[in-house]
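This briefing covers the fold, confidence, core and selected residues of one protein model. Please read it alongside the sequence and the coordinates.

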Amino acid sequence: FVIFNIFIHNTSTAAKDFIRSILILEPHKRPTAQEALNHPWMVGNAPGSALATFSTKMAAYNKKRGKK
């Protein structure tokens, strides 16, 4: 998969690693919710505003796809 360049430009390596890990298509290869929450980027390095923006955009994306 390709992460769009607009998001990568100012994105840390840890954030990219987190995003790549949760976007894996095969569910059994993705981290569990607890593993995702324990990712280094989530526990200490994610700026609050970036996480809020990500959450908002993911919610909008899922709504557009018909998921809750």
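A nonpolar core is a set of buried Ala, Val, Leu, Ile, Met, Phe, Trp, Tyr and Cys residues joined through side-chain atoms within 4.5 Å. Buried means under 20% relative accessible area, exposed over 50%, and partly exposed in between (1.4 Å probe, protein chains only). The model is predicted: local features need pLDDT of at least 70, side-chain atom pairs count only at pLDDT 80 or more, and totals for chains, interfaces and linings use all residues. Residues are numbered from 1 along each chain as its sequence is written, and side-chain values use heavy atoms, with hydrogens and water left out.

**Fold and surface**
- The protein has five helices and zero strands, where helices (H or I, at least four residues) and strands (E, at least two) are DSSP runs numbered from the N terminus.
- Of the 68 residues in the protein, 13% are buried.
- Carbon and sulfur atoms hold 60% of an accessible surface of about 5,600 Å², computed by the Shrake-Rupley method with a 1.4 Å probe.

**Confidence**
- Mean pLDDT (the predictor's confidence in each residue, from 0 to 100) is 78 for the protein, and 74% of its residues reach 70 or more.
- Confidence is highest in helix α3 (residues 33-37), at a mean of 91, and lowest in helix α1 (residues 5-8), at 60.
- Where pLDDT is low, the predicted coordinates should not be read in detail.

**Core**
- The largest nonpolar core consists of five residues: Ala15, Phe18, Ile19, Ala36 and Trp41.
- Helix α2 (residues 13-22) contributes the most to this core, with three residues.
- Trp41 belongs to helix α4 (residues 40-45) and counts as buried because its relative accessibility is 7%.
- Trp41 and Ile19 are 22 residues apart along the chain, with 9.9 Å between their C-alpha atoms.

**Ser21**
- Ser21 sits in helix α2 and is buried, because its relative accessibility is 18%.
- Leaving aside neighbours within four places in sequence, Ser21 is in contact (heavy atoms within 4.5 Å) with Arg30 and Pro31.
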